Amino acid sequence: MNTCLLHLLSACLAAPKLQLQIRRNQLNFPSIWENPILRSLPMVPSASSSSSFPPAEYPEILPGTRSKRKRQIAGVDQEELQDPAILADPDSCFCEFKGVQIHHKIYDAESVATNLSEEGTSSQPPYANKRVNFPMILLHGFGASIYSWIRAMKPLAQITGNKVLAFDRPAFGLTARLNHVNHSSQGSEDTRPFNPYSMLFSVLATLYFIDFLAAQKAILVGHSAGSIVAVEAYFEAPERVAALILVAPAILAPLNSGPVVKDNPSGKSNQSEGEDLEVNCKENWFTTIFSILSKLSQYIGQTITRLVKGMGDMITSIYKKALSAFLRSAIGIMLVRMIIDKFGLAAVRNAWYDPKQVDDHVLQGYTKPLRVKDWDRALVEYTVAMLTDSASASKPPLSKRLRKILCPVLIITGDSDRLVPPWNSERLSRAIPGSCLEIIKKCGHLPHEEKVDEFVSIVDRFLERAFGV
């Protein structure tokens, strides 16, 4: 049986060759092997024939054995992203605010003093007996997190004799990343538009933590973009803010730091001029026609201005929607990842006065949030929220509201800040009535990290002047 099958199989394989040879003979086609050039070529042995090459010459590539290059962003592996709770530190805390799990840390003077005594360090620091009746809330800047405050939190708790709290704003640190499109704050009494990545959320979260600390007021300390959150929180509830400390504030100061209020009773003046014009109109018909044409042209001009403004607003709205759609696309997310990978670590080094002091421990602290799931999409949503923040657009520019700040204000900046120039902080101090400006020498954008002791001493002196402690 097997022999018959073998003969049949060989006959089937030989039949096509035989038919091809017959057809070639009928058409007088020569065989390709009759060409002398081709006949001189060596024959390549088939797989079934014995080969003169050792098996090592033909390595077999098995599935899954090909070397796989790991994807990394700023030196952080992106293959195994994790939940924020897994990456949390032993002293990390989480609380829910409007459906968002916010990562925060708290230090109080008593626990700090206990730890210092247990560690054998000075149990009686020079400011141990001081006590401020207000807790302190620390607000980090763009791209930072609680980590940027770690060096200063315990000393600040000692000089205040109270609690010091720092929290990660959405899109940064270990606070949960949410899908803004599918997220809603159900059960909230606040009917205003809600976006966890908006400025409004950060402001409301700041005020929430004042209640969380069971305090009536708190001292708000904002660094860089966190200074904007601190100032906006003051305007949202000035009665809840005891003082503002703005560190390298990324707030555009007005060019004219002098008085902006001008005595210009334009309504009364225009009214008197209009009455005189009406008296003259009775005496001269030419003046009457000129007045009518003038008012008509003014009306037309105002109409055109409103029309152009409306068209401009419409174009701006279309532009913002198109830009938001692009940023949320796969290309936009890839672009954000490329920017962080290309400039992330360089930006951290550039923020310091001496980039050589930025060691691996500092870089790991700043890049740790890149290990959180959906960090890239959250950063895109934060960028979109900044571009389309309707709540902030409805308010006057922040630079025009600075003179309304009435609480004690301290501004601290480094003389070698490359990100927010010191001259902007000087203008800002002139724009805020009664504010104090302190410039730290040989310091960059991070005084609370580079010059911790000097930073804490400046804050201590400010609190003495403001609250008499």
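Is Ala-248 buried or exposed? Ala-248 is buried, with a relative accessible area of 0%. Buried means under 20% relative accessible area, exposed over 50%, and partly exposed in between, with a 1.4 Å probe and protein chains only. The model is predicted: local features need pLDDT of at least 70, side-chain atom pairs count only at pLDDT 80 or more, and totals for chains, interfaces and linings use all residues. Residues are numbered from 1 along each chain as its sequence is written, and side-chain values use heavy atoms, leaving out hydrogens and water.

Now the backbone. Phi of Ala-248 is positive, near 45°, and the residue is not a glycine. Ala-248 sits in the loop between strand 8 (241–247) and helix 8 (266–283). Lys-98, also not a glycine, has a positive phi of about 55°. Its loop joins strand 3 (93–97) and strand 4 (100–107).

Next, the whole protein. It has 16 helices and 10 strands, taken as DSSP runs (helices H or I, at least four residues; strands E, at least two) and numbered from the N terminus. Of its 469 residues, 39% count as buried.

The axes of helix 5 (residues 150–160) and helix 16 (residues 452–467) come within 10 Å and cross at roughly 25°. Axes are lines fitted to C-alpha atoms, for helices over the stretch in contact, with angles from 0 to 180 degrees between N-to-C directions.
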